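This briefing walks through one structure, topic by topic. Keep the sequence and the 3D view open while reading.

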Amino acid sequence: MTAVLTVDGLHVDFPLPGDVVHAVRGVDLEVRPGEVLALVGESGSGKSVTAASILGLLPGTARITAGSIRFEGNELVGLPEKRLNVFRGAGIGMIFQDPVTSLDPSFTIGSQLGDTARLHLRVSRDEAREVGRTWLDRVGITDPERVLRSYPHELSGGMRQRVMIALAGLSGPKLLIADEPTTALDATVQKQILDLLLDLTGETGTAVLLITHDFGVVSHTSSRVAVMREGAIVEVGETAQVLGAPEHPYTRTLIDSVPEIGQRHSAGGQERRLLSAAAHTARVHLSSETDSPRPSPSPRPSPSPRSGRSPRPGGSAGLGDSTGPNVLASPAAGRPILEISRVSKDFTVGGLGTGRHKATLRAVDDVTLSVRRGEIFGLIGESGSGKSTLARLAGGLLPRTAGKINFDGTDVAAAGRELRRRFQYVFQDATTALNPRIKVGDQIARPLLRLGKATGRRQAAELTGRALDLVGLSAGYADRYPREFSGGQRQRVSIARAIALEPDLLILDEPTSALDVSTQATILNLLLDLKDELDLTYLFIGHNLAVIEFVCDRIGVMHQGSLIETFSADELFAADRQPATRALLDAVLPIGAPTTTKG
Amino acid sequence: MTRQILWRLVNLVPLLFVISLLVFFISQAGPADPIKDVLSQKMSAEQIEQIRQAYGLDQTAWSQYLHWLRDMFTNGGGISLSVRSPVSGIVYPAFLNTLILGAATTVVTVVLGVLIGFAAGIRHGRPADRAAMLFVQIGSNLPIYWFGLIIIWLTAVRWNWLPAGGMHDLRGDGGFGDLLLHLIAPAFAASLVSMLIVARFVRAAVIESAQSDYIRTYRSQGFGRAAILGKHIGRNILPPIVNTTGLTVGSVITGVVFVETIFSWPGLGSVLLNAIAGSDYPVIQSGILLVAVVFVVVNLITDVLLDLLNPRLRHA
């Protein structure tokens, strides 16, 4: 079987002033006709750069320095733009990650589809419109006429990605490169888009090179998988084989980093840590390599028994493991620490002076919930369901329209300095949540002084050092700026900033959504450790049901501004779950059982 | 959309009122005394007082303002203190000439600014781009009057291609072609700074658009460079072009005032200079008010155009 695409010894360099970054170092890859090959790896592994080099779409100054890319026997490396355009679209189609920015904001969908149809199919303007209509129909858009007249901003993310698929598909390519096609989409939409992609390419026998970081997506879609790390491919094979019995330790670590839905039960519900398999393989500790601030060489020397884990005084882990604080802090036993009762939040748009009608959007609608002391309460919902707004209301960051929010019996809106210290936030994107121009030590110390936790600079510095130490960064990092840290380290700094104040409640707003799976695993473990050591309560907002189920004791599901149900994490699979919860559950793509029938 | 435009028009009324207040009271606050400047030293105190009364200068500032406002609507802006004829007869013809020069300047600004910016933007980082940016850097720091004199020296004195000044050839028929010939040099001189500002913004917009995800999408579909540059980048840089052009109209107008003097253009600039020298308040106030109105109207047009160019606002 001759391959559609053959990549041989590909090297790609990014020249920087005074330095060269070798993004891709000798990648060999073969995509066979009609197959779905997944290229999986963490951010910075070079998978997207590899994909971009195939069509000559490398950004900026990046250059292919060696290797060959052959499409149906034609060498693509070194071709001028004009000759490459023969293959672009017609031979190889491409779908990009972000459907929001990948469509031209100034032209209608009909115009963009029409332009592409006329370029590749040599049809008239009217025929091109008809082609566009047919394709919108094929990608499952029910009202193609309206969508043809729409601008990209008038469509949802899922709709836009369907349009992208139509754009890439209508020229009838032999190979489709999909670069993280569902990463920017909601979980419930992800599966629909992937299935659509598989159906369409299956019908036409188009081969797919799917770039992703999500093993659930790999398992759901691909017949073969290639695992990439630091610019090279470490393992290639049949998907079922690689996922079931990975040969390379790195693959194993990656897979073990991902919380699987239902894994909570096998972990017993009390000893919940990820990367538990790492001890059985060679000493591959991803956390210590890509995210290496810990002074000790191995952050998690003996993952399953917890005895040796807590060297710090004050932790309660000194006693036997079977009686960890999680057991004592049985969720039902705790008193409520945060009580949200009948809270609503309206946002107003338009009105006098804008020339538009005044309109009110209800982001949070009559939500009542209480978070008990010592538990981890998970709040989940699709984007736009109001979960982040509720998180901001909970700490009084936004004024509420109606309802009451009490923290430990006192209204948060009237919270003084002492009370405010006791609930702290960790936000999703540590890059923007930290001030880029202030040393991280100062960012941790300022609230300490401001909220009266430290009486002087010296004490503040001491507490800052201790907080950094607790999150696995050494106190010496206090003098650095946020840009000097990796994504995972920055999130550690955010956590340090919050816990330095010795709060009772941490409001975690998607704390790991922007992180790679291995980094996510270390941060989740860190959060679970800190909770035990510092006796914390978490309100954990997320959109990944597997993470929420793994970490949390109780789960609340938000849907269109309302909290539709609350249940113990053990009861996630109970028969009487609400439809919206079921939709979230169905959207989870498990790694374990590949469902693909392709190949 | 229509609703938004109407709303912007309604907003103009209070804005113009505030502008008229500012124009009137700021010039009132000046140190010059029109009577002392206009009349001879020999007049007695009673005579001066008489004249003050005749011109209403003895009244309170507020009633003077109301008077002036009424004159603006009914009396052609009142009577000039130095020429003793209605202000409108002095200011309006000059204003029209200034508008002609301003419009020509704007056209040169947009055409050359976009050309330079586009040419530099699509060669981002290459020698041609760096050379263009150096030119922009130097050019936008040149004093307009000096630049104007150089242009006159080159085009009129040295090569004798263009007239050295004025609006019409005195011996000619005063036709449109003659006017255009007289416009070239002053419009070019007056547009220098704003043209280079526009060029800078267009260059940035071209670079941003060229690196955008949606242009990458077009490239991945095999669209040729010409189609991408002409249609898609071209369309997406229109908003910044309109925006900067609207913003630079301010510097165009101030530039025009200088340039009029150098090129002996019979516009508002020279009228205002004479009026200031003679403390002719009615003329100063009317002239400044007209300039302010131009500002406001240009801003309005800019805003409406930007709304029209943005699909998000157009369909709102």
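UniProt positions are given here in the numbering used for this structure, and such annotations may be inferred rather than shown by experiment. With that in mind, UniProt places the feature "transmembrane region" in chain B, from an unreviewed entry. The model is predicted. Chain B has 14 helices and zero strands. In chain A, an unreviewed UniProt entry gives the annotation "domain: ABC transporter".

**Chain B: overall build**

- Read along the sequence, chain B runs α-α-α-α-α-α-α-α-α-α-α-α-α-α.
- Its C-alpha atoms fill a box of roughly 85 × 55 × 35 Å along the principal axes.
- Chain B has 316 residues, and 43% of them are buried.

**Chain B: annotated transmembrane spans**

- The UniProt record (unreviewed entry) sets the "transmembrane region" feature at residues 94-122, 134-159, 179-202, 241-263 and 283-306 of chain B.
- Residues 94-122 of chain B are 97% helix and 0% strand. The end C-alpha atoms of this span lie 42 Å apart.
- Residues 241-263 of chain B are 96% helix and 0% strand. Here the end C-alpha atoms are 29 Å apart.

**Aromatic pairs**

- Over all chains, the structure holds 15 aromatic pairs.
- One pair is B:Phe147 with B:Phe188: the ring centres are 6.1 Å apart and the planes stand at 40°, so the pair is tilted. Planes under 30 degrees apart would count as stacked, and those over 60 as edge-to-face.
- B:Phe147 is buried, at 12% relative accessible area. B:Phe188 is partly exposed, at 35%.
- Ring pairs also join B:Phe24, B:Phe25, B:Trp62, B:Tyr65 and B:Trp68 into a cluster.

**Charges over rings in chain A**

- A:Lys345 sits over the face of A:Phe347, 5.2 Å from the ring centre.
- A:Arg480 sits over the face of A:Tyr477, 4.6 Å from the ring centre.

**Chain A: annotated domains**

- The unreviewed UniProt annotation "domain: ABC transporter" covers residues 5-255 and 338-585 of chain A.
- Residues 5-255 of chain A are 39% helix and 28% strand. The end C-alpha atoms of that stretch are 27 Å apart.

**Chain A: an enclosed helix**

- Helix α10 (residues 249-257) of chain A has seven of its nine residues buried, so it is largely enclosed by the rest of the structure.
- The buried residues of α10(A) are A:Tyr250, A:Thr251, A:Thr253, A:Leu254, A:Ile255, A:Asp256 and A:Ser257.

- Helices α19 (residues 487-499) and α20 (residues 517-534) of chain A have axes that come within 10 Å and cross at roughly 15°. α19(A) and α20(A) are therefore roughly parallel. Angles under 35 degrees count as such.
- The crossing of α19(A) and α20(A) is right-handed.
- Helices α17 (residues 440-450) and α18 (residues 457-470) of chain A have axes that come within 9 Å and cross at roughly 120°. α17(A) and α18(A) are therefore oblique to each other.
- The crossing of α17(A) and α18(A) is right-handed.

**Chain A: positive phi**

- Most residues other than glycine have a negative phi.
- A:Glu180 has a positive phi, near 50°. A:Glu180 lies in the loop between β7 (175-179) and α7 (187-204) of chain A. With 6% relative accessibility, A:Glu180 is buried.
- A:Asp366 also has a positive phi. Its value is near 55°. A:Asp366 lies in strand β12 (residues 356-372) of chain A. At 35% relative accessibility, A:Asp366 is partly exposed.

**Chain A: a buried loop residue**

- A:Ile438 lies in the loop between α16 (430-433) and α17 of chain A.
- A:Ile438 is buried, with a relative accessible area of 17%. The cut-off for buried is under 20%.
- From A:Ile438 to A:Arg70 the sequence separation is 368 residues, and the C-alpha atoms are 49 Å apart in space.

Methods
Residues are numbered from 1 along each chain as its sequence is written. Chains are lettered from A and ligands numbered from 1 in the order in which they are written. This is a predicted model: local features need pLDDT of at least 70, side-chain atom pairs count only at pLDDT 80 or more; totals for chains, interfaces and linings use all residues. Side-chain values use heavy atoms; hydrogens and water are left out. Rings of Phe, Tyr and Trp (its six-membered ring) pair if their centres lie within 6.5 Å; planes under 30 degrees apart count as stacked, over 60 as edge-to-face and the rest as tilted. Buried means under 20% relative accessible area, exposed over 50%, partly exposed in between (1.4 Å probe, protein chains only). A charge sits over a ring if NZ of Lys or CZ of Arg is within 6 Å of the ring centre and within 35 degrees of the ring normal. Helices (H or I, at least four residues) and strands (E, at least two) are DSSP runs, numbered from the N terminus. Axes are lines fitted to C-alpha atoms, for helices over the stretch in contact, and angles run from 0 to 180 degrees between N-to-C directions. Angles under 35 degrees count as roughly parallel, over 145 as roughly antiparallel, 65 to 115 as roughly perpendicular and the rest as oblique. A crossing is left-handed if the near helix is turned anticlockwise from the far one by less than a right angle, and right-handed if clockwise.
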